[in-house]
Amino acid sequence: MINSVGLQYAKAIFDLATINKSANDYYQALLVLNDAILKEESVLQIFMHPAINKEEKKNILKNTLSHLVDEELLNFLFVLIDNNRFLDLPLVIEAYKQLLDEYENKLEVKVYSRYSLTENEIISLKEKLEKHYNKNIIITKYIDESLIGGIRIITDKEVLDASILSSLDELKNNLKKGW
């Protein structure tokens, strides 16, 4: 879930990235950094340790990353450290991804169905969703055996439930209202 702090920092680095025409490159770099730093327990301990001061943490990053990332991205990481927000990097990345998708006019949707959808069904669904949202749609498919039939579509802002179970629930509620 995106919070205001993550969005604030993401917007700052995203604005720099778009000026440099490197929005996607920065996103990929942030993902790699997140995996290398915050998902590696021994490295994470260094950045969490209270005895290691901010300057030492910045020096570790500088010595490790200066030849791998550009100076602006490295300075951004320094700002996170200075503001005690370095461990919020996953939230920043999540917000950055949302900004990047908006910038590229993309929308990621999760499609749940009881059975695997055919290629023609996916193409048809993608065309309808692109027309509905006026965005380039990226579909991730999931199997949900709790569905009787139909599909459930989840975006970052809404859920479209066209499953049979949802229809049956709606029918049940309507019948209750009528009695």
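**View 1. Lys 58, a buried lysine in helix H4.** Lys 58 counts as buried because its relative accessibility is 12%, where buried means under 20% relative accessible area with a 1.4 Å probe and protein chains only. This lysine is found in helix H4, residues 54-65; helices here are DSSP runs of H or I of at least four residues, strands are runs of E of at least two, and both are numbered from the N terminus. The model is predicted, with local features needing pLDDT of at least 70 and side-chain atom pairs counting only at pLDDT 80 or more, while totals for chains, interfaces and linings use all residues. Residues are numbered from 1 along each chain as its sequence is written, and side-chain values use heavy atoms, leaving out hydrogens and water.

**View 2. The surroundings of Lys 58.** Beyond its neighbours within four places in sequence, Lys 58 is in contact (heavy atoms within 4.5 Å) with Phe 78, Ile 81 and Asp 82.

**View 3. Helix H2 meeting helix H3.** The axes of H2 and H3 (residues 41-48) come within 6 Å and cross at roughly 85°; axes are lines fitted to C-alpha atoms, for helices over the stretch in contact, with angles from 0 to 180 degrees between N-to-C directions. The two helices, H2 and H3, are therefore roughly perpendicular, a label for angles of 65 to 115 degrees. Ala 36, Ile 37 and Leu 38 of H2 meet Val 43, Leu 44 and Phe 47 of H3.

**View 4. The buried side of helix H6.** Buried residues of H6 include Leu 89, Val 92 and Tyr 96. Packing partners for the buried residues of H6 are helices H1 (4-19), H2 (23-38) and H5 (71-82), plus strand S1 (106-113).

Terms used: Buried < 20%, exposed > 50% of the residue type's maximum accessible area, 1.4 Å probe, protein only. Parallel < 35°, antiparallel > 145°, perpendicular 65-115°, else oblique.
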